Amino acid sequence: MPLDFILTILDKAKSENLVTLPLEGKSNFVDYMVIVNGTSDRHIASIAQTLSEELRQNGYGSFHPEGGENGNWMLMDLGNVIVHIFKPEVRELYALEKMWSVRCDVADKPVLIS
């Protein structure tokens, strides 16, 4: 899945505070994590729906958002890219940017994250 295409769609959907985390070498299940904010429950659902529709219309297949029962967040697993769509306060609570930015070389020694 082309990252640039996903970012263009997220911009078109008026997502806010977009951050792209390159995870190659840090994760064996995904190359990039994209984190964005939506301003409301409705905006979060709209971002996810726009992303899903654009991907389908451009021949990338069907992708459905997960989560979001309470409207605070949604996740879309797009293969090599995972997109998280959060309300700002929920994004701050989960702090994914902070968690995935920690450098840890397993060959040296474990790192305790508190």
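The axes of helices H1 and H2 cross at roughly 135° and come within 9 Å. H1 is therefore oblique to H2, since only angles over 145 degrees count as roughly antiparallel and 65 to 115 as roughly perpendicular. The crossing of H1 past H2 is right-handed. The model is a predicted one.

**The helix contact**

Which residues of H1 and H2 make the contact? H1 contributes Phe-5, Ile-6, Ile-9, Leu-10 and Lys-12. From H2 come Ile-47, Thr-50, Leu-51, Glu-54 and Leu-55. By class, the residues of this contact split into 7 nonpolar, 1 polar and 2 charged.

**The sheet**

Four strands build an open sheet with mixed pairing, in the order S1-S2-S4-S3. Strands S1 (16–22) and S3 (73–77) are the edges, and each pairs on one side only. From one strand to the next, the twist averages 15°.

S3 pairs with S4 (residues 81–86) in the antiparallel sense, over 5 bridges. Within S4, Ile-82 stands opposite Asp-77.

**Helices on the sheet**

Both helices touch strands of the sheet, as tabulated here.

| Helix | Residues | Strands | Angle |
|---|---|---|---|
| H1 | residues 3–12 | S1, S2 (32–37) and S4 | about 5° to S2 |
| H2 | residues 41–57 | S2, S3 and S4 | about 15° with S3 |

H1 lies across its strands and runs at about 5° to S2. H2 packs on the sheet, and its direction makes about 15° with that of S3.

Technical notes. Residues numbered from 1 in each chain as written. Predicted model: local features only at pLDDT ≥ 70, side-chain atom pairs only at ≥ 80, totals over all residues. Heavy atoms only, no water. Pairing = 2+ DSSP bridges. Helix = DSSP H or I, 4+ residues; strand = E, 2+ residues; numbered from the N terminus. Axes fitted to C-alpha atoms, helices over the stretch in contact; angles between N-to-C directions. Contact = heavy atoms within 4.5 Å. Parallel < 35°, antiparallel > 145°, perpendicular 65-115°, else oblique. Left-handed = near helix turned anticlockwise from the far one by under 90°. Nonpolar A, V, L, I, M, F, W, Y, C, P; charged D, E, K, R; others polar.
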